[in-house]
Amino acid sequence: IEKNVDGVIHAGDLFHRSRPNIKTLTDTFSQLQRLEAENIPFYLIVGNHESTRDKQWSELIEELDIGHYLDPGGMQIGNVGLYGQDHVPKNRRGELMYEYRRMDTRTNILVTHGLFEQFGMGDWDMERVLEQSPVKFDAVLLGDNHTPQTETIKSTPVTYCGSTERTAADQREARGYNMITINGSDVNIKHEKIDTREFTYIDIDVSEDTDTN
């Protein structure tokens, strides 16, 4: 809101668990209502942590009119096409055809969730996604990895913004998000840091002679 952005994109795992408690839900909906009041649209996909067997949280958020679910059919916002690809388990990826709908847009961005081989982890091949897609993407925004990373894959910038909150004690680096600026077909990605809960870390050297009882 302070930066007067044109929209907020969330690349999955809005919730850390598929069954968030009532306080988590009310806090989340309250924040999304703040965006809605400022006419800042919120776009999201489904991550692996929050996925349920029946109705997804993204559907409820759409029904409450405080967010927009992104799918392979794409959503056109001016000259920009936004596409979504939910997290897909490894045993179902062979079925994926990456049949993203073509739109009359100047810039196209894919938002997806998973751990990709090109970042030295996971078992999903981003090159295959880009090669098989009928849409030429100018950037890919990723969720799942909690550490910010950006790589250029087949001339396309592909980026993890990392998590906006620590979910484990080993996540010492500052949390943040990516500010995406679009100028024509050029997509600029800048990582911004944010203040989060303060953690105090205590390092203890344990040798073979240390009494750990």
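Q85 sits in strand 5, which spans residues 80–85. The model is predicted. In it, Q85 is buried, with a relative accessible area of 9%, whereas R19 and I204 are exposed.

**Q85 and its surroundings**
- At a relative accessible area of 9%, Q85 counts as buried because the cut-off for that class is under 20%.
- The Q85 side chain makes a polar contact with the side chain of Y100, at 3.0 Å.
- Y100 is also one of the residues that Q85 touches, leaving aside those up to four places away in sequence.

- Together with I202 and V206, I204 makes a nonpolar surface patch of about 360 Å².

**R19 and T52**
- R19 belongs to the loop that joins strand 1 (8–10) and helix 1 (22–37).
- The relative accessible area of R19 is 76%, so this loop residue is exposed.
- Between R19 and T52 there is a separation of 33 residues in sequence.
- In space, the C-alpha atoms of R19 and T52 are 8.4 Å apart.

Technical notes
Residues are numbered from 1 along each chain as its sequence is written. This is a predicted model: local features need pLDDT of at least 70, side-chain atom pairs count only at pLDDT 80 or more; totals for chains, interfaces and linings use all residues. Side-chain values use heavy atoms; hydrogens and water are left out. Helices (H or I, at least four residues) and strands (E, at least two) are DSSP runs, numbered from the N terminus. Buried means under 20% relative accessible area, exposed over 50%, partly exposed in between (1.4 Å probe, protein chains only). A polar contact is a pair of N or O atoms within 3.5 Å; within protein, one must be able to donate a hydrogen and the other to accept it, and residues adjacent in sequence count only if both atoms are side-chain atoms. Contact means heavy atoms within 4.5 Å. Patches are made of residues with over 30% relative accessible area and no salt bridge: like charges are joined within 9 Å, nonpolar side chains (Val, Leu, Ile, Met, Phe, Trp, Tyr) within 5 Å. Accessible areas come from the Shrake-Rupley method with a 1.4 Å probe; for residues, only the protein chains shown count as cover. A salt bridge is a side-chain nitrogen of Lys or Arg within 4 Å of a carboxyl oxygen of Asp or Glu.
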